[in-house]
Amino acid sequence: MMTMLEPIAGADLVRPAAVLPLLDFAGVAVFAATGALAASRAKHDVLTFAFFAAVTGMGGGTLRDLLIGAPVFWVQDWVYVAVCLVVAAGFWLLGARSWRFRALLWLDAVGLAAYGVMGAAKAASYNAAPLICIVMGVLTACFGGIVRDVLAHQPSILLRRELNITAALVSASVFVGLKALMVGTWPAVGAGLAAGFMLRAGALQWGWSLPAFPSYGRRP
């Protein structure tokens, strides 16, 4: 019986750039958009838009690749940088819109789900154990947003009560679990995306959150 410490047996994954290209570029574009929106919130210039978009869009994947010993994805393919720059330019030209901050939250939800799966998939392609694949999915999905919030002087996603990191954890876990059961890549991707996005959407819509650490009354 396979354990969480053994590589996924028979995972039909080679390099995700070949197997999951749309998901990979979509994740970068979506997170780049959240970076550009964060820059717009502080009324930064176009170069800062580009910087925020690039750091947010590629930050999580960069950390993942360094940790699993893979070539850093955007160094190997300039298109990723181009995607971030195009997204930043697009939001700069779009200008101020009343819906942009709400859009940031929903784009972040899409990005968490997509990159949770993508990070786990790439770790699996490097023969990482399922537990490590899940961790890499969470790091890929969350690290760029953490850097974005720090640079924008906004409260980190780690400090938000509603379900956020949990959505990435669920996306990665569903994908890895289904792959361990020999489910095909695309059904596993779809299930992981749907599970993570619906969880985050519920948190945005109804304020779902995990139980907080209980507080104790003062001692007499």
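Analyst: We can start with a charge and a ring. In this predicted model, R64 lies over the face of F73, 5.5 Å from the ring centre.

User: What makes R64 count as lying over the face of F73?

Analyst: The distance from R64 to the ring centre of F73 is 5.5 Å. The cut-off for a charge over a ring is within 6 Å of the ring centre, together with an angle within 35 degrees of the ring normal. F73 also belongs to a cluster, in which ring pairs link F25, F73 and Y80.

User: What else does R64 do, and why is its link to D65 called a salt bridge?

Analyst: The closest N and O atoms of R64 and D65 are 3.0 Å apart. A salt bridge needs a side-chain nitrogen of Lys or Arg within 4 Å of a carboxyl oxygen of Asp or Glu, so the pair R64 and D65 qualifies. Both R64 and D65 are buried.

User: Which residue does D65 meet in a salt bridge at 3.1 Å?

Analyst: That residue is K122, with 3.1 Å from N to O. This pair links distant parts of the chain, as D65 is in helix α3 and K122 in helix α6, 57 residues apart.

User: How do you know whether D65 and K122 are buried or exposed?

Analyst: Buried means under 20% relative accessible area. D65 has 0%, so it is buried. K122 has 10%, so K122 is buried too. Salt bridges that share partners join R64, D65 and K122 into one network.

User: How many salt bridges does a search of the whole structure find?

Analyst: The search finds 3. One of them is between the side chains of R148 and D149, at 3.1 Å from N to O. R148 and D149 are both buried.

User: Now the rings. How many aromatic pairs are there, and why is the pair of F49 and W92 called edge-to-face?

Analyst: There are 7 aromatic pairs in the whole structure. For F49 and W92, the ring centres are 5.3 Å apart and the planes stand at 85°. F49 lies in helix α3 (residues 46-68) and W92 in helix α5 (residues 79-94), so the pair ties together parts that are 43 residues apart in sequence.

User: Why do F49 and W92 get their accessibility labels?

Analyst: F49 has 5% relative accessibility, which is under 20%, so F49 counts as buried. W92 has 40%, which falls between 20% and 50%, so W92 counts as partly exposed.

User: What makes the pair of W106 and F197 tilted?

Analyst: The angle between the planes of W106 and F197 is 50°, and the centres are 6.2 Å apart. Stacked pairs have planes under 30 degrees apart, edge-to-face pairs over 60, and the rest are tilted. The pair links W106 in helix α6 (residues 100-125) to F197 in helix α9 (residues 185-206), 91 residues apart. W106, at 26% relative accessibility, counts as partly exposed, and F197 does so at 30%.

User: Which residues make the nonpolar surface patch?

Analyst: V46, L47, W92 and L93 make the patch, which covers about 450 Å². Helices α3 and α5 each give two or more residues to it. L93 is in helix α5. At 69% relative accessibility L93 is over 50%, so L93 counts as exposed.

User: What stands out about the phi of H153, and how do you know that H153 is exposed?

Analyst: H153 has a positive phi of about 60° although it is not a glycine. H153 lies in the loop between α7 (130-151) and α8 (165-180). Its relative accessibility is 73%, over the 50% cut-off, so H153 counts as exposed. M182 also has a positive phi, about 70°, and is not a glycine. M182 lies in the loop between α8 and α9. With a relative accessible area of 52%, over 50%, M182 is therefore exposed.

User: And how many helices and strands does the protein chain have?

Analyst: The protein chain has 9 helices and 0 strands. Of its 220 residues, 48% count as buried.

Technical notes. Residues numbered from 1 in each chain as written. Predicted model: local features only at pLDDT ≥ 70, side-chain atom pairs only at ≥ 80, totals over all residues. Heavy atoms only, no water. Phe/Tyr/Trp six-rings, centres within 6.5 Å; stacked < 30°, edge-to-face > 60°. Helix = DSSP H or I, 4+ residues; strand = E, 2+ residues; numbered from the N terminus. Buried < 20%, exposed > 50% of the residue type's maximum accessible area, 1.4 Å probe, protein only. Patch = residues over 30% accessible without salt bridge, like charges linked within 9 Å, V, L, I, M, F, W, Y side chains within 5 Å. Areas by Shrake-Rupley, 256 points an atom, 1.4 Å probe, with all protein chains shown as cover.
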